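User: I am new to reading protein models, and I would like to go through one slowly. Could we take it as a series of questions and answers?

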Amino acid sequence: SRQSTSKLYLINLGYTLTTQAKWSFFARGNYSQNKVQGLQLNRTGFGAGVKKSLFENKLSLGLNANYFLNKNALNQKSNNLIGQFLLGYQIFKGMNLQFNWGLLNTKAENTPSFTENTANLGLQYNFSYVPKKKNKK
């Protein structure tokens, strides 16, 4: 019987500043270390973004940029640059539809660099329970 083991460590830091005019500014950094079958991959990333909410928070538009540096146990290095356009629509409170489109550019030491289109479509529901206050008699 063959067994596969892995270890994954993640560190994520982020900061968001939202203005009264419904602009949001993001800054983030992360580090991950993943070891699978004895091969270790280290990844460090930085990102920034801006988002604007419109029409009483029903619609949101945004731009994101992320940069990642990758290095494996064989000392092979690569990097990724991702730019994304974000579009979100609140269907009702707690239910959101999201569309992201972006370009991903990858450069590595031992392979030709390439750029690809990426797109995601998502439906998200946030559960939130707030108990009703009891009326005092």
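User: In the hairpin of β3 and β4, which residue takes a positive phi?

Analyst: This is a predicted model, and what follows is read from its computed coordinates. Strand β3 and strand β4, the latter covering residues 59-72, run antiparallel and are joined by 14 bridges. Their hairpin has four residues between the strands, and the residue there with a positive phi, near 55°, is Phe55.

User: Which residue in β4 does Gly47 stand opposite?

Analyst: Strands of a sheet pair through backbone hydrogen bonds, either parallel or antiparallel. In this case β3 and β4 run antiparallel, and the residue in β4 that stands opposite Gly47 is Asn66.

User: How many residues lie between the strands in the hairpin of β2 and β3?

Analyst: Strand β2 (residues 23-36) pairs with strand β3 (residues 39-54) in the antiparallel sense over 14 bridges, and within this pairing Tyr31 stands opposite Thr44 in β3. In the hairpin that links them, Gln37 takes a positive phi near 50°. The number of residues between the strands is two.

User: Which strands stand at the edges of the sheet, and why is one side of each left without a neighbour?

Analyst: Seven strands form an open sheet with antiparallel pairing, in the order β1-β2-β3-β4-β5-β6-β7. Each edge strand has a single partner strand, so one side of each is left without a neighbour in the sheet; these strands are β1 (6-18) and β7 (114-125).

User: What does the twist average from one strand to the next?

Analyst: The strands of this open sheet pair in the antiparallel sense, and from one strand to the next the twist averages 15°.

Notes: Residues are numbered from 1 along each chain as its sequence is written. This is a predicted model: local features need pLDDT of at least 70, side-chain atom pairs count only at pLDDT 80 or more; totals for chains, interfaces and linings use all residues. Side-chain values use heavy atoms; hydrogens and water are left out. Two strands pair if DSSP finds at least two bridges between them. Axes are lines fitted to C-alpha atoms, for helices over the stretch in contact, and angles run from 0 to 180 degrees between N-to-C directions.
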